[in-house]
Amino acid sequence: MAQINTLAVSLSQLAKMIDHSLLHPTMTDEDIINGLKISKQYNVATACVKPYHIPLAKQELQGTDVDICAVIGFPHGNSTTEIKVQEAIAAVQAGGHEIDMVVNIGKALGGDWGYVSQEIEQINTAVVQQGAILKVIFENDYLQPEHIVHLCKICTQLGVAFVKTSTGYGFVKQADGSYNYKGATVNHLKLMRQYSGPGVQIKAAGGVRSLDDLLHVMSLGVTRIGATATVAIIEDAKKRGIGMDQIQVEFKPMAVDGETGGY
């Protein structure tokens with residue numbers, strides 16, 4: 001029999017777990033406006049947008065308590081530190097409340113931890129000084145567990161607000177030549193929670209597509225997800241009787257693949 005777990009949740013609690021993702025490169029302004037309407041309708045935590053869409057998001061979300069999350073160095077983290085810092089400052093000044101940055105993945109894989117740490121520190125300092133918070137995206141599909149652990153320790157030392165699994169666009173070439181990604185996986189989330197300090201929150205992004213997925217990552221200590229499936233998640237919650245008051249809800253755990261932690 002499949003394992004069944006339970007968690008006590010309310011509808012507003014679930015909604016405020018969600019950064020509604022509006023990041024696909026093909027999205028037009030009309031697509032963004034429709035996505036912002038969903039963000040307002042379901043009263044999510046943030047609408048997550050590309051920097052040039054911050055003014056539009058600010059206009060559409062005015063008068064709501066849905067914040068604006070902006071991505072920088074997205075999706076591959078390859079800009080120079082100087083550009084990332086300036087992009088982050090500009091994003092906050094334009095109206096961003098939260099900034100999701102991508103680490104320099106090649107530097108992390110190469111073990112240049114001094115570079116990685118200094119970059120995160122400079123961006124975090126700039127963002128906090130502007131009155132916003134920083135989420136640091138690792139892109140776990142490209143990394144080994146030891147890299148994830150090291151990044152968690154750096155982010156804990158620097159006091160960043162969140163560490164985040166993925167962009168949702170970290171496609172890895174598979175044996176058959178196709179490209180795919182896993183995104184937020186159970187073992188990686190456990191590893192991130194274990195090696196991040198108590199003051200650092202965890203954001204799961206990529207692959208959290210259902211209410212069951214959301215409830216499972218919550219049970220692992222995740223406090224925010226990035227999702228395009230917001231409507232499906234919240235509507236399923238309503239169908240399952242979740243309302244204003246917390247109730248115990250059953251969920252089916254996500255599959256665990258062959259990853260190993262052990263650090």
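Predicted model: local features only at pLDDT ≥ 70, side-chain atom pairs only at ≥ 80, totals over all residues.
**Entry 1: the annotation**

I started with the UniProt record, an unreviewed entry. Its "active site" annotation covers Lys164 and Lys203.

**Entry 2: Lys164**

Where does Lys164 sit in the secondary structure? I found Lys164 in strand S7, which runs over residues 162-164. Is Lys164 buried or exposed? Its relative accessibility is 3%. The cut-off for buried is under 20%, so Lys164 counts as buried.

Next I listed the contacts of Lys164, leaving out residues up to four places away in sequence. Lys164 touches Asp100, Val136, Ile137, Phe138, Met192, Lys203 and Ala205. The other annotated lysine, Lys203, is in that list. I checked the side chain for polar partners too. The side chain of Lys164 makes a polar contact with the side chain of Asp100, at 2.9 Å.

**Entry 3: Lys203**

I moved on to Lys203. This residue lies in strand S10, residues 201-205. Its relative accessibility is 1%, so Lys203 counts as buried.

Which residues does Lys203 touch, with those up to four places away in sequence left out? I noted Asp19, Asp100, Lys135, Phe162, Val163, Lys164, Thr165, Arg224, Ile225 and Gly226. For the side chain of Lys203, I found a polar contact with the side chain of Asp19, at 2.7 Å.

**Entry 4: His24**

I then looked at His24. This residue is in the loop between strand S2 (18-22) and helix H2 (29-42). Asp19, the polar partner of Lys203, has a number that falls within the range of S2.

Lys164 and Lys203, by contrast, are buried.

Leaving out residues up to four places away in sequence, His24 touches Lys50 and Tyr169. I found a side-chain polar contact as well. It joins His24 and Thr26 at 2.8 Å.

Last, I took one distance. His24 and Ile105 are 81 residues apart along the chain, and their C-alpha atoms are separated by 20 Å.

Notes: Residues numbered from 1 in each chain as written. Heavy atoms only, no water. UniProt positions renumbered as here; feature names shortened; annotations may be inferred. Helix = DSSP H or I, 4+ residues; strand = E, 2+ residues; numbered from the N terminus. Buried < 20%, exposed > 50% of the residue type's maximum accessible area, 1.4 Å probe, protein only. Contact = heavy atoms within 4.5 Å. Polar contact = N/O pair within 3.5 Å; in protein donor to acceptor, adjacent residues only side chain to side chain.
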